[in-house]
Amino acid sequence: MKPCRIAILGSTGSIGLNTLKVVDHNSKRFQVVALSAYNNFELLGEQIKKYKPSHVAIGPEGLIYFKNAGIKGVKFYPSQDCGYLASLKEVDVVVLAMRGVSALMPFLEALRAGKTVAPANKEALVIAGDLIMDEALRHHARIIPIDSEQSAIFQCLEGQKSRPVFVHLTASGGPLREVRSKDFKRITPKDVLRHPRWKMGPKITVDSATMMNKGFEVIEAKHLFNLSYSQIKVLVHPEAIVHSMVEFADGSLLAQLGITDMRLPIQYALTYPDRLPTGLNRLNLAETGALNFYEPDLKRFPALGLAFEAARLAGSVPTVLNAADEEAVEAFLLGRIDFLSIYKVVEKVVLRHTIVKNPSLQAILQTDKWARQEAQNIMEYHLA
Ligand code: MG
């Protein structure tokens with residue numbers, strides 16, 4: 001069997017590192033052709049030595065470093081050329097592990113080149129889901145999500161002839177699940193970064209605390225599985241064992257269960273449609289015991305309601321939601337605004353926005369810029 005040739009964009013972040021662990025566990029099955037990172041060129045250097053990719057993209061500082069290091073057999077590119085790496089003819093699967101809106105162009109370029117794309121990145125699908133799904137369709141390119149909830153839905157729908165009536169996205173509830181709303185005002189970045197279930201970066205951990213993360217996943221699921229926002233339900237499930245469910249017309253629910261380790265959905269995306277041993281612990285339900293489910297509290301977590309509203313309005317609104325949230329979360333992490341103000345800022349920017357229906361790529365990027373500026377304005381002058 002020929003090895004699966006992969007490009008990992010964002011190889012030094014948590015998804016990138018987990019992808020390389022998956023590669024290590026079945027090293028004959030994979031060949032790492034391309035890697036990219038932005039800042040962490042020391043770690044990237046170690047990865048180059050170990051995995052011997054032929055193409056590498058890196059931010060400006062690292063580019064100078066590697067060009068002076070005289071490494072043989074590797075072509076180096078500036079990080080804005082990630083899209084080129086994603087469309088190389090010797091690449092089969094692109095793991096999109098980079099954070100932020102910068103993943104959008106490489107995503108589109110990979111699809112245009114007909115590659116299978118395994119996105120862990122949320123932003124691209126949230127802000128440009130329609131454009132992405134159109135390109136995938138036009139170029140017969142497959143998207144196999146890595147996010148655990150989306151992977152679960154993908155797996156539950158595999159081989160089904162019928163469309164689901166509903167999908168149920170599960171949510172661990174985040175680090176503030178049991179905190180009373182009157183204590184939210186005093187929540188510090190440190191409180192939030194103690195996340196109980198999944199180990200993640202600071203931005204996404206704050207987004208799980210506000211439940212905006214789940215809101216983004218609602219918008220993603222809508223695009224990935226061609227659903228209406230009203231077919232998507234969110235269910236709080238603190239044990240994070242059921243990764244999501246689909247419901248059919250006859251009332252049957254199919255669920256995907258597993259331990260909370262990102263290597264499971266990553267490996268599934270890379271070996272699809274095959275399933276291979278992972279070397280990880282197996283799920284023991286007798287040990288796990290009770291699984292709990294309940295409705296999310298939209299009063300305490302209004303960001304989730306706002307995201308549903310953005311999913312309903314569609315067009316350029318999800319772009320505003322994403323950009324304003326990114327600015328506000330960054331300000332919270334820097335101690336510039338308090339926890340409750342994250343939502344206030346995002347809501348204000350959304351309310352000030354005039355919706356663009358069916359936005360072009362250019363309109364999306366303009367809206368993104370506008371929303372960031374507007375969020376900064378509000379934080380500077382209009383935060384009561
Ligand atoms: Mg998730």
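Me: A salt bridge requires a side-chain nitrogen of Lys or Arg within 4 Å of a carboxyl oxygen of Asp or Glu. In this predicted model, what makes the meeting of lysine 122 and glutamate 217 a salt bridge?

Reply: The N to O distance between the side chains of lysine 122 and glutamate 217 is 3.1 Å. The limit is 4 Å, and the pair is a Lys with a Glu, so the name applies.

Me: How many salt bridges does the rule find across the interface of domain 1 and domain 2?

Reply: The rule finds one salt bridge across that interface.

Me: Which residues belong to domain 1 and which to domain 2?

Reply: The domain assignment gives 4-143 as domain 1 and 150-261 + 287-381 as domain 2. Their centres, taken over C-alpha atoms, are 25 Å apart.

Me: How many residues of domain 1 and of domain 2 are in the contact?

Reply: Domain 1 contributes 19 residues and domain 2 contributes 22.

Me: What area do domain 1 and domain 2 bury between them?

Reply: The buried area is about 1700 Å², with 66% of it on carbon and sulfur atoms. Of the area that domain 1 buries against domain 2, Lys122, Val126 and Ile127 supply 37%, more than any other three residues.

Me: Which element gives the largest share of the side of domain 1 that touches domain 2?

Reply: Helix 6 does, with nine residues; helix 6 spans 123-138. The residues of this side comprise 11 nonpolar, four polar and four charged.

How values were computed. Residues numbered from 1 in each chain as written. Predicted model: local features only at pLDDT ≥ 70, side-chain atom pairs only at ≥ 80, totals over all residues. Heavy atoms only, no water. Domains from an automatic or database assignment. Contact = heavy atoms within 4.5 Å. Buried area = accessible area lost by both parts, 1.4 Å probe. Helix = DSSP H or I, 4+ residues; strand = E, 2+ residues; numbered from the N terminus. Nonpolar A, V, L, I, M, F, W, Y, C, P; charged D, E, K, R; others polar.
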